[in-house]
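Me: I am new to this structure and would like to learn how to read helix packing and cavities. Please take me through it step by step.

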Amino acid sequence: MRLLAAQSRLRTGPLVLSLGVLVVVAAVATTLGPADISAGQVVREVFGGIPLVGASDLSGQAQAILWQLRIPRVVLGAMVGGMLALAGAAYQGVFRNPLADPYLLGVAAGAGFGATIAIGARGAGFPDALVPLAAFAGAVVAVIITYALGKTVGDRTATTLILAGVAVASFFTAVQTYVQQRNTETLREVYAWILGRLSTTGWKEVVSVLPYMVVSATVILLHGRLLDVLAVGDDEAQSLGVSASRVRLVVVAAATLGTAAAVAVGGLIGFVGIIVPHAIRLIAGWSYRIVLPLSLVFGAAFMVVADVGARTVVAPAELPIGVVTAFFGAPFFMLVLRTSREAL
């Protein structure tokens, strides 16, 4: 009991640190932009009702910029980054594969296909809101097909699901490419969505995906102990009374739901699900009861920082956020690949 209590105290430090990092980067992100809003003004605006903080001195226009543009974008970035990192850690635990990421089971290809169809349909009078909904539907359908295909082969083991996901992703990518070639006038917009973006018009995007992400994150976090058991292998987990196939189904479904929601509002932002969980393992160990919550918080902070880079590096223009994450993620991926090879 004393050992368990000591381990719990050890986990508190990294968690507090990660929350502190998130708060700091979020605060800095709200001060950056064309409109000059200082950190002190942000603090007074947000916490103006607290004694000794001081009343807000922002103009009405500055308040609108802060509350309807900057803060929603920071919140959305934190949600998307945290969800992608958490889903990446969950996939790596389920498949016992350090290179697994949230797009493993065809999520990206399905979402890209759905978004391509919706963008092409705008000319027929379909609303802009159709794009994230179509991306969400495409991602979910792709994973359902992957699981159905895996079931026809036999037991849904990790290897079977990965191979089924590769096949489904290849199919959806081929169909998407065909649709793009038939609608060349929308190519620029489709590629802009594929490269990722965090554009907000108020709190609409945040509210639309919040329920899905809350459910997904809750389910994944509650399965941390079972993912630790699954790490020893399916047969060993079965001998301990844990159904590996049931755990895999529940965790994959939850991770896919959260990933689909993130993709729907952020586009295809890669490498977050690989970078963050691996960094957490280097800092705090391999137990998923530690990796999962820290991945959620550090993933949120990482995405906020990446979005700041996307907004400021070529200002007043803006880089696709997927380019920023790939700039850091590609070298990190090669490092992980080299490390994994040397460990064999």
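Predicted model: local features only at pLDDT ≥ 70, side-chain atom pairs only at ≥ 80, totals over all residues.

Me: Which residues of H3 and H11 make the contact?

Reply: Contact here means heavy atoms within 4.5 Å. On H3 the contact residues are Leu76, Val80, Met83, Leu84, Ala87, Ala90, Tyr91, Val94 and Phe95. On H11 they are Arg248, Val251, Val252, Ala255, Thr256, Gly258, Thr259, Ala262 and Val265. Sorted by class, the contact of H3 with H11 has 14 nonpolar, three polar and one charged residues.

Me: How do H3 and H12 lie relative to each other?

Reply: The axes of H3 and H12 cross at roughly 70 degrees and come within 7 Å. Angles of 65 to 115 degrees count as roughly perpendicular, so H3 and H12 are roughly perpendicular to each other. From H3, the residues Gly81, Leu84, Ala85, Gly88, Ala89 and Gln92 meet Val272, Gly273, Ile274, Val276, Pro277, His278 and Arg281 of H12. This contact of H3 with H12 has seven nonpolar, five polar and one charged residues.

Me: At what angle do H12 and H13 pack?

Reply: Helix H12 (residues 272-284) packs against helix H13 (residues 288-312) at about 125 degrees, with the axes 9 Å apart. H12 and H13 are therefore oblique to each other. The crossing of H12 and H13 is right-handed.

Me: Which residues of H12 and H13 meet?

Reply: H12 contributes Val272, Ile275, Val276, Pro277, Ile280, Arg281 and Ala284. Their partners in H13 are Tyr288, Ile290, Val291, Leu294, Ser295, Phe298, Gly299, Phe302 and Met303. By class, 13 nonpolar, two polar and one charged residues form the contact of H12 with H13.

Me: How many cavities of 30 Å³ or more does a search of the whole structure find?

Reply: A cavity is a space where a 1.4 Å probe fits but cannot get out. The search of the whole structure finds one cavity of 30 Å³ or more. The volume of the largest cavity is about 30 Å³.

Me: Which residues line the largest cavity?

Reply: The lining consists of Leu84, Asp101, Pro102, Tyr103, Ile269, Gly270, Phe271, Val272 and Gly273. These lining residues divide into six nonpolar, two polar and one charged. Leu84 also belongs to the H3 side of the contact with H11, and Val272 to the H12 side of the contact with H13.

How values were computed. Residues numbered from 1 in each chain as written. Heavy atoms only, no water. Axes fitted to C-alpha atoms, helices over the stretch in contact; angles between N-to-C directions. Helix = DSSP H or I, 4+ residues; strand = E, 2+ residues; numbered from the N terminus. Parallel < 35°, antiparallel > 145°, perpendicular 65-115°, else oblique. Left-handed = near helix turned anticlockwise from the far one by under 90°. Nonpolar A, V, L, I, M, F, W, Y, C, P; charged D, E, K, R; others polar. 1 Å grid on protein atoms, 1.4 Å probe; cavity = no way out; pocket = protein on both sides within 12 Å on 5 of 7 lines; lining within 4 Å. Points joined across faces, edges and corners; volume = space filled by probe spheres on them.
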